[in-house]
Amino acid sequence: MFPKNAWYVAATSEEIKDKPFAREVCLTNIVFYRNKEGKVIALEDFCTHRGAAMSLGYIEDGDLVCGYHGLKAGCKGKIIEMPGQDPKKIPCLGYFPVVEKYGFIWIWPGKKENADESLIPHLEWHDNPEWAYAGGVFDIKCDYRFMIDNLMDLTHEKYVHGSSIGQEEIDESPVTTEFEDGFVVTSRYMNDIEAPPFWQMCMKHNNLDPSKKVDRWQKSKFVPPGAVLIDVGVALKDKGGKDAPKEDKVRCTVVDFMTPQSETSMWYFWGMARSFKPEDNQLTQDILKGQGGIFEEDLEVLEFQQKNLEKFPNRSLISLDIDAGGKLARRVLKQMIKEED
Amino acid sequence: MFPKNAWYVAATSEEIKDKPFAREVCLTNIVFYRNKEGKVIALEDFCTHRGAAMSLGYIEDGDLVCGYHGLKAGCKGKIIEMPGQDPKKIPCLGYFPVVEKYGFIWIWPGKKENADESLIPHLEWHDNPEWAYAGGVFDIKCDYRFMIDNLMDLTHEKYVHGSSIGQEEIDESPVTTEFEDGFVVTSRYMNDIEAPPFWQMCMKHNNLDPSKKVDRWQKSKFVPPGAVLIDVGVALKDKGGKDAPKEDKVRCTVVDFMTPQSETSMWYFWGMARSFKPEDNQLTQDILKGQGGIFEEDLEVLEFQQKNLEKFPNRSLISLDIDAGGKLARRVLKQMIKEED
Amino acid sequence: MFPKNAWYVAATSEEIKDKPFAREVCLTNIVFYRNKEGKVIALEDFCTHRGAAMSLGYIEDGDLVCGYHGLKAGCKGKIIEMPGQDPKKIPCLGYFPVVEKYGFIWIWPGKKENADESLIPHLEWHDNPEWAYAGGVFDIKCDYRFMIDNLMDLTHEKYVHGSSIGQEEIDESPVTTEFEDGFVVTSRYMNDIEAPPFWQMCMKHNNLDPSKKVDRWQKSKFVPPGAVLIDVGVALKDKGGKDAPKEDKVRCTVVDFMTPQSETSMWYFWGMARSFKPEDNQLTQDILKGQGGIFEEDLEVLEFQQKNLEKFPNRSLISLDIDAGGKLARRVLKQMIKEED
């Protein structure tokens, strides 16, 4: 249940170094590597000669060599040479449109002719000195849509992340779900409250008094098929919320890319971009560590949810108002898949 | 292949503390907890909202709260509250009749209206100062019926438990199988023999000379669907066997509750109740440790038997006289299942 | 996809000691043991009484006793005794023709009446003072035919074993495939080259100057269904290659027995027999260690190949000239299986 004609984050730029790198994306085993010019190439991890894993091979002059019998493939999977053989007679390896942008490796598992680079969502903080960013990647044994549900309804923060970003006021404040510029967006505003521990830490770093009352916001935007970008922050009370002057607020974008591995597992690229104190590397590391810890709390919940729903596949769940964001996101995905057929 | 309209031991009383406790019984994931009054509650471990595992949640004022979005369930699975929601509109969680009795948590996985507490077998030693009891629980990867077979035919003691309770005379003495008060019972009497190491230890503790000849008995009673209670002991020779005066014998009841987890795995609650020297706690601990070691010897045999029979499901086995008890027990189970349909 | 009317190596002689030994061969669980006379017996590892694993039992007076209820089986699976039972009424265990020869235990999983001991391939180095031999066994998760392919085409040496026996000249020299005395044989000759590290080490031990140019040969012979014997070596240049005088060459036979465990796993008995310096035990150990290390390099490649081909079972592979040996070997196997039906 995932669209194929779409860009997915397959890896971070740092993951693809000087060796072949294997990763399963959308039920396909893919090998990534950099060619002579440093450009990332993505081929099927399956040698057309005897089915060996190309990722067990090596790079020679920027081309990928099979480690079993020396078949050498070019960037579009064409066989360049094989000792003692006529390379033209050997079937090509599958290849995938791939783009390195914003610190990520984006892959298009579907019809190559539709792979339009301009469809990659713009990440404004990248290479922008006013922003800082750090993130990580998790391998999670659940349907990627469970994570989309999770992120489009932040009510769970109170329960799953009670000691960091959760607080009483979350489930006391209504959530609204709407289409904004064609995207599903869920928003929640909590005014005149105390900031939870994570935000107090951020306030301190931005020279704001953490004991002061704040207006807090969360705005999750689903960018299909696999991204949820969340505008979050707190501003000193009555200063304008997310539109408050820079010096009265702390504002971040929670970055989430969900990439299906199989129907029941996913790669989760998570991170946080912030537009205050971008030069403070210690703060960047503190946030990274804190966010990693918070997001690990979701793993167990989602993996057990996956097990429960696999065990009872015919059981219908209910949809409450808080689930409207996830529900709409699933409808968008369904429509994308329908259009592909 | 297990009846559902029956009481099964799901846990010991000590296992259910102040946190949710998850256990699979009869192919159903169940969460157990104690309410405000300390009464044990058993609900399906599946949140009707999004399928999360309720056992990952927590107890609040004696009620179970889902750790994902805060759904709170009452003792019969009714939704008590959920932040921002009308609880009446949320489907109930499944619940199970559950009784805490004799130090065990008994569950009825079948039709609730048939759950008659008086059907729980009476365990005379519980809360009886003339008896002492201790036991444990194992998770075994085999059909629960293999353990019933095992316990209804103690011939295996000579082979599996040769160094503790096994002895030559076991397979030299005939076993009889009969219905007694409606229960399948297998008995074996070995007279004028030397006591094996385990019983010599017990004799010493009860001031009997362990080198003296004894009359030994074993009487296994199958209490469907999942219990085998075994009256075992040795008496000084010619003193009347199991009916000998108290001072001339050592007598125990081996307690075995087999609870299906799935078709190919089970929970094994095992223990020993004794009616001599009940106040001797050191003896209780020694017997517990010894029995645990002896019963672990069965695990490997039964788990390999399971693997063999899974690999060759169509292979017919033979039934000897020593298997008559297990065979009759299976017939009783089959009849119970038939009556349920 | 394996013939059953054939001898397979099931174990080495040293593996079968004084205890029952379990091993799966051709999808059947088998228990091996030695009787009173030290002769190896092979029975099905499945007690006909209750399906217990016979290999969990013990040997008594050279006969195998089931560790569950004491059934004792004779060398052809006939039940000799069972306490309190008439052994004639208990069905026999399955047994297999088995021969101990050349330091291996050979088993015939198919029709017993066809098990002709003279069909076991002759291993000339065994008990021959002019030869030395050492080897080991690996459990590999791949179809046994992948290893046959691997050994009938040694082109992979350059890629998989680059630091020991691989060298540039391998894939520059053509391979020929032919039938020789009814066996599929692939040969490669590399003349006037430098010896690779492994062969230099052997030359030194045989008092040859390792810096001298050599003629190298590799001749793989497929002995169906599960053996590949490879005549390998180097001779000083222009001395006659493999037919050079003894003092001018180092010559070995690489010994490979592939025994199917299941359709997707195999036992790999590998070793090296050499006809120079047979009395040098240190050399024997050095070669054993070196070969073990080299052959371990194949494991990862073959197990990933298995995974890839299981994931894409309908994908057709190509067959190049270097694959002709493996292809012919598969044709021979197919024919054997066809004749069995």
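## Salt bridges between chains A and B

A salt bridge is a side-chain nitrogen of Lys or Arg within 4 Å of a carboxyl oxygen of Asp or Glu. Between chain A and chain B there are 3 salt bridges. One of them joins Arg315(A) to Glu44(B), at 2.8 Å from N to O.

This is a predicted model: local features need pLDDT of at least 70, side-chain atom pairs count only at pLDDT 80 or more, and totals for chains, interfaces and linings use all residues. Residues are numbered from 1 along each chain as its sequence is written, and side-chain values use heavy atoms, without hydrogens or water.

## The A–B interface

Contact means heavy atoms within 4.5 Å. By that rule, 27 residues of chain A touch 27 residues of chain B. The two chains bury about 2,300 Å² between them, 56% of it on carbon and sulfur atoms. Buried area is the accessible area (1.4 Å probe) lost on putting two parts together, summed over both. On the chain A side, Tyr159(A), Asn308(A) and Ile318(A) lose the most area to chain B, together 28% of what that side buries.

## Cysteines

A disulfide is a pair of cysteine sulfur atoms within 2.5 Å. The count over all chains is 0. Cys202(A) is in no disulfide; its nearest cysteine sulfur, in Cys252(A), lies 5.2 Å away. For Cys26(C), also in no disulfide, the nearest is that of Cys142(C), 14 Å away.

Are these residues buried or exposed? Buried means under 20% relative accessible area, exposed over 50%, partly exposed in between (1.4 Å probe, protein chains only). Cys202(A) is buried, at 0%. Cys26(C) is buried, at 0%.

Notes:
Chains lettered and ligands numbered in written order.
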